[in-house]
Amino acid sequence: MNSMWRDYDPGDFFDELMHSKYQPRHFSFKLLDYFKGMQNNAFKQRVKEAELEMLERGITFTVYSDAGNIDRAWPFDVIPRAIQKREWQRTEKGLIQRISALNQFIQDIYNEGNIIKEGIMPADVVYKSKGYRPQCQGMTPPHGVWANICGSDLVRDQDGTLYVLEDNLRVPSGVSYMLENRKTTKRVFPELFRLINISPIDAYPERLADMLASLRPDLANPTIALLTPGVYNSAYYEHAFLAQQAGLTLLEGADLLVGEDDYVYMKTIHGLERVDVIYRRIDDDFIDPEVFRPDSMLGVPGIMRAWRSGKVAIANAPGCGVADDKVIYAFVPDMIRYYLGEEPILENVPTWLCRKQEELEHVLEHLAELVVKPANESGGYGMLVGPHATDEKVEEFRELLKENPENYIAQPTLNLSVSPTSCGDSIAPRHVDLRPFILSGKNNYVTPGGLTRVALVEGSLVVNSSQGGGSKDTWIVDEEAVKENE
Amino acid sequence: MMLSRVGERVFWLARYLERVENTARLVNVYTSLLMDLPEQKEINWFTLATIFDAKDDYFERYDRVNEYDIMYFLLADPTYSGSLSNSILALRENARTSIDVLPEILWEQVNELHLLVKGELSSIGNRRRRQKLLLTIAEKCQCVWGIIANHMSRNFAYDFLQSGKFLERVDMTSRILEMTSILVSETRNEEMRQHEGILWATLLKSLSAQQMYIQINEYSLKASKVLRFLITDNRFPRSLSFALNALGNYLNYLPRADLVISRQQSILAEIQAYDEKHTPAESIQIMMDELQLKLNELNADITANWFYPDFSVA
């Protein structure tokens, strides 16, 4: 056995690949057997090859710092994370159920507001949310779908239960890294794909293009573009990648204008040409300086006008970010029951709403054990992780909570599951989450697996790439199908 | 369909790619020339800086002229916008922002070129390693052109790439011709006279034209023949005539090209009218100066016609 694995021990954590220190899960047996059978040097050689792959292909993300913006190679861990196909099929159903309810919710609150009238959600939770856009009132986007691309974050607790941690309906990123991770694994460990039946994931760009085209059912061949904030955005690599792979035109705000006729045009060498569908990777705030932030240089003046008159489809629809609010998150199980008449397949992380007096009291009492999140932040910013925070930080949040309880929720600190990860000279358990991507237009599509993010620092729970996180290839393993050459 | 912005970026991508390759080759050929010549004043390392019109830029940064400073300035100086390393950055940035219309492997090659140069630039003080690096850079550029030739549809992006390449090529050929003419006219002493053949050979090599020249002119390295070859030959792809002609052909594929084409045609006509009897080697520099000004105007026409036209809504 490869000595790098000798001391591997997940301890009390739920391990994605292991039952216990010596016992692999049945669907990860071959995978582990392969890696453990590899000589240390051979393994390290492959790790190096993978790093070089990422670097040479220019797969980077931008880190903003005082010293200027730096392009860093995408941190990739070569040991895949595997999920059993049966479990995945259930998860997929759960994700579609959830996004369906969320879309109905957004449609409802910008139109009739039944969920509020019927007393299932308090009005102020919706209308005071930072993501709520009164400018969207009365709109019905194509198919009644607002969040066309969603990147939910799933985590697993100590007992193995899978929870939805966040829905990420605004401009979720990461799907290109999911695809690049697979490409790298195929180049560096081609043998593995002969041993194990792994669901392919490379249909995503095509499915994305189909979904976007379905937003203009009135047109046979709509012109579809991807609107990026530009090369200085941390996800620019992904924008360019998706445009290239899905055959979308990669646009910056300055390439577009809205005509007197309310159509959106792009500036081409032939003159102006109409754009019918825009996959925007710009936040609502910046999309139209006539309607939202007037100082935005990234957006297109008049684009909201064009959208409201149905002359351009925008994915995700402006205003859909309201459902990303962490307070609204707490109501998603209720939404599923209300709109679909079903019980939720995937669970929410237990959540205390600080706006409720008795729940706030509980939170304040157990502050040092809990995770506290503001209603409207993403990327792990502005939150408190009680067990890892200093006393001062805890006290700081105590004041914030008392001042503005409506703006916060609290959750138990989950003992996130771990997965074997290459850490220099040894293989060690590191915490992981999972971000599958869900497309919703005329139909729904869920990526098989998704992007597994891993906290590379020992003990850390922070998986964000901007804060020292890495990523893994994610396999949906079908044990029931047998590879022909076995 | 081609976005104006993307058109501009691929056009400049090609200009920088051609510039990087030409610069790498020129510096290598020049280094080999200096090894052959006796130490004297007229031809020295500084001549390289003058080819790039960078006299003032150089003396703003350095007091003396020596091999290392000139090499650092031309190849690695981050403060000089014309340095090879800055051209490679610009090349990469243009590729990165037009990646959706380019073959995926092109980006990988450009990125590898960038990584290679970033890692090896510190070695330029060492002649042997520098020569090797510059050779590799030129090869990488060739590889990118190969990808463009064999992996790209003949679409507008391709036409802008080719236009950028040939415009840059005319510019570079004219600069090298100009420099050689200055050297020939300034080297009046007898000792240099006997080296004139080496000068013309160097001129040909720096445009990788020596072999093709010899095939039709045998070993006769006469100034008039070399000049006629590099200015008016219609079959050698780095001659002024050929490159200007090719530029016109690609511009012609683009929409609304009439005005731009008429300027290109007038430049081409003047070049093809070249006659060594009326324009002796010593006055080539004036002709080339004029050509470079006209190329700037042509570049401005291209920019106004396709990249920043008036988009007022009809």
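Analyst: Contact here means heavy atoms within 4.5 Å. The model under discussion is predicted.

User: How many residues does the contact take from chain A and from chain B?

Analyst: The cut-off for contact is heavy atoms within 4.5 Å. With that cut-off, the contact takes 31 residues from chain A and 28 residues from chain B.

User: Which element gives the most to the side of chain A that touches chain B?

Analyst: There are 18 residue pairs in polar contact between chain A and chain B, both residues being at pLDDT 80 or more. At least two residues of the side of chain A that touches chain B come from each of α2 (40-56), α6 (175-188), α9, β8, β10 (264-268) and β11 (271-275) of chain A. The element that gives the most, with five residues, is α9(A).

User: Across which strands does helix α9 of chain A lie?

Analyst: Helix α9 of chain A comprises residues 236-246 and runs at about 170° to β7(A). The strands that α9 lies across are β7 (224-228), β8 and β12 of chain A.

User: Which are the edge strands of the open sheet of four strands in chain A?

Analyst: The sheet has the order β8-β7-β12-β13 (chain A), and its pairing is parallel. An edge strand pairs on one side only, which holds for β8 (249-252) and β13 (313-315) of chain A. From one strand to the next, the twist averages 30°. The edge strands are therefore β8(A) and β13(A).

User: Which residue in β13(A) is the bridge partner of Tyr279(A)?

Analyst: Strand β12 of chain A (residues 277-280) and β13(A) pair in the parallel sense over three bridges. In β13(A), the bridge partner of Tyr279(A) is Ala315(A).

User: What is the omega of the peptide bond from Ala315(A) to Asn316(A)?

Analyst: Asn316(A) belongs to the loop between β13 and α12 (326-329) of chain A. The peptide bond that leads from Ala315(A) to Asn316(A) is cis, with omega near -10°.

User: Is Gly299(A) buried or exposed?

Analyst: Gly299(A) lies in the loop between α10 (284-287) and α11 (303-308) of chain A. Beyond its neighbours within four places in sequence, Gly299(A) is in contact with Gly253(A), Phe286(A), Ile287(A) and Pro289(A). Buried means under 20% relative accessible area. Because its relative accessibility is 8%, Gly299(A) counts as buried.

User: Which backbone oxygen does the side chain of Thr421(A) reach?

Analyst: Thr421(A) is found in strand β19 (residues 418-423) of chain A, and at 0% relative accessibility it counts as buried. Leaving aside neighbours within four places in sequence, its contacts include Asp77(A), Ile79(A), Val454(A) and Lys472(A). At 2.9 Å, the side chain of Thr421(A) reaches the backbone oxygen of Ser419(A).

User: What covers the buried residues of helix α1 of chain A?

Analyst: Helix α1 of chain A (residues 29-36) has as its buried residues Leu31(A), Leu32(A), Tyr34(A), Phe35(A) and Lys36(A). What covers these residues includes α2, β3 (76-84), α7 (192-195), β19 and β24 (469-477) of chain A.

User: Is Asp53(B) buried or exposed?

Analyst: Asp53(B) is found in the loop between α2 (46-51) and α3 (55-61) of chain B. Although it is not a glycine, Asp53(B) has a positive phi of about 60°. With a relative accessible area of 55%, Asp53(B) is exposed.

User: What is the phi of Arg256(B)?

Analyst: Arg256(B) lies in the loop between α13 (240-252) and α14 (258-272) of chain B. At 41% relative accessibility, Arg256(B) counts as partly exposed. Arg256(B) is not a glycine, yet its phi is positive, at about 50°.

Terms used:
Residues numbered from 1 in each chain as written. Chains lettered and ligands numbered in written order. Predicted model: local features only at pLDDT ≥ 70, side-chain atom pairs only at ≥ 80, totals over all residues. Heavy atoms only, no water. Buried < 20%, exposed > 50% of the residue type's maximum accessible area, 1.4 Å probe, protein only. Pairing = 2+ DSSP bridges. Axes fitted to C-alpha atoms, helices over the stretch in contact; angles between N-to-C directions. Polar contact = N/O pair within 3.5 Å; in protein donor to acceptor, adjacent residues only side chain to side chain.
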